[in-house]
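The sequence and structure come before the details.

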Amino acid sequence: VCAVIIGWLFTISLSRLALGMDMLALLRLEESTGARVVASPAHYCEVLKCELSFMALERGLKAFVKYVPRDVVQMMLSGEMVSTNTMTRCMVSILFMDIAGFSTLCEKIAPDRLMQLNQDYLQVMCKIILDFSGTLDKFIGDCIMALWNVPRPLERHEESAV
């Protein structure tokens with residue numbers, strides 16, 4: 001009976017870890033996996049070590065996708081893109097966009113209102129860029145830099161960028 005219970009506890013914990021790893025591989029980071037050890041860590045420290053490693057990986061990926069486009073991270077996780085010190089020559093469409101008169105506007109409105117205005121603008125524009133298969137490269141204040149045809153090839157990328 002004890003062996004069955006211990007086996008069951010191992011199965012539950014390992015199943016939760018496996019589900020959590022599957023969610024990470026798909027970059028479904030917003031979904032809680034519930035990957036928690038069921039029994040006392042003293043019963044099986046190897047499973048606890050796996051859980052702690054998993055939780056560190058999850059925290060790292062959540063931070064990473066805040067700064068690197070999700071599509072790029074997914075390509076890296078799948079092995080489709082490998083980090084190298086080389087470049088590949090290709091045609092790209094690049095967009096630099098900002099709010100006309102933003103510097104003057106900064107001097108005239110309250111910082112909280114300015115922050116909200118910029119946040120609303122960036123959210124709307126980023127959604128449009130992503131809807132047209134663009135890759136967000138960087139933000140500089142109110143400026144957005146986006147790319148088309150990288151990292152994935154995109155037919156008629158010039159039209160998508162406009």
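Where is Asp142 found? Asp142 sits in the loop between β2 and β3.

## Basis

The model is predicted, and local features need pLDDT of at least 70, side-chain atom pairs count only at pLDDT 80 or more, while totals for chains, interfaces and linings use all residues. Residues are numbered from 1 along each chain as its sequence is written, and side-chain values use heavy atoms, with hydrogens and water left out.

Helices (H or I, at least four residues) and strands (E, at least two) are DSSP runs, numbered from the N terminus.

## Asp142

Asp142 is buried yet has no salt bridge. Buried means under 20% relative accessible area, exposed over 50%, and partly exposed in between, with a 1.4 Å probe and protein chains only. A salt bridge is a side-chain nitrogen of Lys or Arg within 4 Å of a carboxyl oxygen of Asp or Glu. The nearest side chain of opposite charge to Asp142 is Arg113, 14 Å away; for charge, Lys and Arg count as positive and Asp and Glu as negative, and His and the chain ends are not counted.

The Asp142 side chain does reach the backbone nitrogen of Ile99, at 2.8 Å. Leaving aside neighbours within four places in sequence, Asp142 is in contact (heavy atoms within 4.5 Å) with Met97, Asp98, Ile99, Phe102, Asn118, Tyr121 and Leu122.

## Helix α5

Helix α5 covers residues 111-131, 21 residues in total, and reaches 30 Å from its first C-alpha to its last, close to the expected 30 Å. The expected span is 1.5 Å times one less than the number of residues. Leu114, Asn118, Tyr121, Leu122, Met125, Cys126 and Ile129 are the buried residues in α5. Seen down the axis of α5, they fall within an arc of 125°, so they line one face of the helix; the arc is that of the directions from the helix axis to the C-beta atoms.

These buried residues pack against β1 (93-97), α4 (102-108), β2 (135-140) and β3 (143-148). Just after α5, Ser133 has a positive phi of about 65°.

## Salt bridges

How many salt bridges does a search of the whole structure find? The search finds five. One of them pairs Arg152 with Glu80, the closest N and O atoms being 2.8 Å apart. Arg152 lies in the loop between β3 and α6 (157-161) and Glu80 in the loop between α3 (70-78) and β1, so the pair ties together parts that are 72 residues apart in sequence. Arg152 is partly exposed, at 32% relative accessible area.

Lys127 and Asp131 are four residues apart in the helix, separated by about one helical turn. Arg156 and Glu159 form another, with closest N and O atoms 2.7 Å apart, and both residues are exposed. Salt bridges that share partners join Asp71, Glu80 and Arg152 into one network.

## His157

His157 belongs to helix α6 and, at 7% relative accessibility, counts as buried. A polar contact of 2.7 Å joins the side chains of His157 and Ser93. A polar contact is a pair of N or O atoms within 3.5 Å; within protein, one must be able to donate a hydrogen and the other to accept it, and residues adjacent in sequence count only if both atoms are side-chain atoms. Not counting residues up to four places away in sequence, His157 touches Met91, Val92, Ser93, Trp148 and Asn149.
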